[in-house]
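Please open the model in your viewer and keep the residue selection tool at hand. Each stop below names something to select and then says what is there.

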Amino acid sequence: MTALAPAAILPGGDEAQAATSKGNPAAGPRTLSRLSLTTLVVGSMVGGGIFSLPQAFGRSTGVIGALIAWGIAGLGMLMLARAFQTLAERKPDLDAGIVAYARAGFGPYLGFLSALGYWASAFLGLVTFLVLSQSTLGAFVPALGEGDTPAAVAVAGLILWGVHALLLRGVKEATALNTIVTVAKIVPIVVFLAVVAVAFRPEVFAANLIGAPALSGGDLFGQVRGTLLIVVFVFLGIEGASVYSRYARRREDVGQATLLGFGSVLALFMLVTILSYGILPRAELAALRNPSMAGVLEAVIGRQGAIFVSLGVLISVLGAYLSWSLLAAEVLSASAAGGIMPAFLGRQNAAGAPAAALWLTNGAVFAVLLATLAAESALRLAIELTSAMSLLPYLLVGAYAVKLARTGEGYAGTGAAARRADLIAAALATGYAAGMLCAAGPKYWLLSTLIYAPGTLLFLQARREQSATPFTAAERCLALLLGAALLTAVIGLCNGAIRL
């Protein structure tokens with residue numbers, strides 16, 4: 001494995017996953033072209049989330065709110081990608097991505113929390129895959145509901161532990177499987193766009209311009225806020241080209257590939273969202289089951305449209321699940337090798353699989369699966385919690401880029417104008433991540449402590465193994481704050497103040 005590539009462990013990164021889990025032997029030094037890097041960006045972002053966009057936006061806002069949300073998220077995620085690119089250039093020795101940046105910039109505890117949050121994003125992404133697969137099947141098998149029934153959790157559990165058993169035996173995904181997955185997720189999207197573009201009804205679109213206050217709880221700002229965690233989720237993986245920048249034939253190709261890939265995927269996401277407003281009234285979009293693209297296509301061409309999209313979704317998410325499982329565990333294993341996590345998480349069994357990391361990862365997935373039984377919307381909970389857990393690592397990346405641009409570290413021989421441009425981009429990226437954390441709201445802050453606070457025990461064990469002082473004074477205050485927030489979260493869940 002080359003690095004803890006963000007594209008490799010976050011939603012949709014099938015191609016990047018294949019390259020990373022195999023150590024990317026084909027890439028070697030300086031072998032990735034601009035087209036290859038662009039493909040990495042596109043493949044990293046286009047995943048299961050796109051199939052749920054019509055319902056996710058329909059329940060929160062109308063066309064105007066959707067355009068504003070895509071504009072905010074598009075600019076913010078582009079600045080984050082620029083921050084990753086800057087760090088790859090200024091700190092080429094830090095080849096463990098998000099984890100290494102947070103630790104180098106802000107010390108061991110925040111570096112650990114970044115690794116923990118990144119791993120949480122990965123295993124919560126696995127939950128999203130499982131719930132989406134069961135919701136897709138639920139359209140044909142009513143007992144599975146929308147992926148949130150006891151039967152759905154039971155089937156998802158069989159998939160989870162079946163893949164777990166395979167991975168313990170050292171089984172890894174094949175390149176052919178990833179090729180099938182890629183085709184399976186792109187073809188339905190292209191067909192969907194072609195069909196809904198032809199069937200687009202301007203009068204329906206015009207009626208959907210303004211979102212209904214009843215759907216989002218108020219004004220346009222409230223409507224946009226209701227979509228932000230969804231757009232964060234679908235954009236996860238934009239940093240794919242930056243992560244693999246050391247393999248680029250030319251350094252300038254990295255920035256160009258990021259822009260090309262980002263522009264292509266943003267157009268794809270926006271088209272799926274906006275064109276759907278021209279097919280069904282917003283209230284009907286909001287009521288669709290997920291994957292909601294299937295419902296929109298069914299409204300145009302009938303049941304065969306839903307079946308077509310559903311098959312594509314199933315192949316896509318289940319095909320990606322094998323590599324996701326291994327790579328989520330690999331985050332823990334690689335962090336253990338770097339001294340961020342306890343040593344036991346880096347141990348491999350006789351088959352060469354990171355057994356302890358796999359058990360912890362899949363145990364966490366199963367626990368969240370059980371929790372979805374109490375959720376109002378299992379898929380929405382999984383998506384939004386995945387996004388929320390990714391924001392602290394992203395915030396620390398942006399902040400570290402700001403720190404380097406301000407101090408000049410790594411900028412020897414670089415002009416003042418370039419450094420100033422990097423500082424502005426990094427500041428925007430940091431502001432975006434901070435803004436998204438604020439938009440997530442207290443509910444997701446508190447729910448995240450269910451992972452961050454107990455996870456701190458792993459940090460203490462790692463520090464003890466290294467005979468190091470557990471906390472600085474500031475880190476101790478942060479740990480105590482997380483403990484208090486955890487207590488608040490538990491009380492809130494028990495008395496109903498926090499609802500899943």
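**Stop 1: the whole chain**

This is a predicted model. Colour by secondary structure: the protein chain has 22 helices and 0 strands. Of its 500 residues, 59% count as buried. Take the contacts between residues at least 6 apart in sequence: 83% of them join residues at least 24 apart.

**Stop 2**

Side chains of opposite charge can pair when their charged atoms come close. The count of salt bridges in this model comes to 4.

Select aspartate 422 and arginine 82. They form a salt bridge, with 2.7 Å between the closest N and O atoms. Aspartate 422 lies in helix H21 (residues 416-465) and arginine 82 in helix H5 (residues 63-90), so this pair ties together parts that are 340 residues apart in sequence. Is aspartate 422 buried or exposed? With a relative accessible area of 8%, aspartate 422 is buried. Arginine 82 has a relative accessible area of 30% and is partly exposed.

Arginine 90 lies in helix H5 and aspartate 422 in helix H21, so the pair ties together parts 332 residues apart in sequence. Aspartate 422 and arginine 90 are both buried.

**Stop 3: glutamate 409 and lysine 91**

Now select glutamate 409 and lysine 91, another salt bridge, whose closest N and O atoms are 2.5 Å apart. The pair links distant parts of the chain, 318 residues apart: glutamate 409 is in the loop between H20 and H21, and lysine 91 is in the loop between H5 and helix H6 (97-106). Glutamate 409 is partly exposed, at a relative accessible area of 37%, whereas lysine 91 is buried at 13%.

**Stop 4**

Select threonine 430, which lies in helix H21. Threonine 430 is buried, with a relative accessible area of 18%. Not counting residues up to four places away in sequence, threonine 430 touches Leu395, Gly398, Ala399 and Val402.

Next, go to leucine 447, also in helix H21. Leucine 447 is buried, with a relative accessible area of 6%. Leaving aside neighbours within four places in sequence, leucine 447 is in contact with Leu381, Leu385, Leu493, Ile498 and Leu500. To check a distance, pick the C-alpha atoms of leucine 447 and leucine 486: they are 7.9 Å apart in space, for residues 39 apart in sequence.

**Stop 5: helix H19**

Select residues 355-371, which make up helix H19. This helix has 17 residues and reaches 24 Å from its first C-alpha to its last, close to the 24 Å expected at 1.5 Å a residue. Which residues of H19 are buried? Highlight Ala355, Ala357, Leu358, Thr361, Asn362, Ala364, Val365, Val368 and Leu369, which are buried.

**Stop 6: a loop residue**

Select glutamate 146, in the loop between helix H7 (108-138) and helix H8 (150-168). Glutamate 146 is partly exposed, with a relative accessible area of 38%. Beyond its neighbours within four places in sequence, glutamate 146 is in contact with Val131, Ser135, Arg289 and Asn290. The C-alpha atoms of glutamate 146 and threonine 136 are 7.4 Å apart, and the two residues are separated by 10 residues in sequence.

**Stop 7: the largest cavity**

How many cavities of 30 Å³ or more does the structure hold? There are 3 of them, and the largest has a volume of about 60 Å³. To find the largest cavity, select its lining: Ser52, Gln55, Ala56, Arg59, Ile230, Asn290, Ser377, Leu379, Arg380 and Ile383. Helix H4 (53-58) and helix H20 (378-407) are the elements that give two or more residues to this lining. H20 supplies the largest share, 3 residues. Coloured by residue type, the lining divides into 4 nonpolar, 4 polar and 2 charged residues. Asn290, one of the lining residues, is also among the contacts of glutamate 146 from the previous stop.

Key: Residues numbered from 1 in each chain as written. Predicted model: local features only at pLDDT ≥ 70, side-chain atom pairs only at ≥ 80, totals over all residues. Heavy atoms only, no water. 1 Å grid on protein atoms, 1.4 Å probe; cavity = no way out; pocket = protein on both sides within 12 Å on 5 of 7 lines; lining within 4 Å. Points joined across faces, edges and corners; volume = space filled by probe spheres on them. Helix = DSSP H or I, 4+ residues; strand = E, 2+ residues; numbered from the N terminus. Nonpolar A, V, L, I, M, F, W, Y, C, P; charged D, E, K, R; others polar. Salt bridge = Lys/Arg side-chain N within 4 Å of Asp/Glu carboxyl O. Buried < 20%, exposed > 50% of the residue type's maximum accessible area, 1.4 Å probe, protein only. Contact = heavy atoms within 4.5 Å. Expected span 1.5 Å × (residues − 1).
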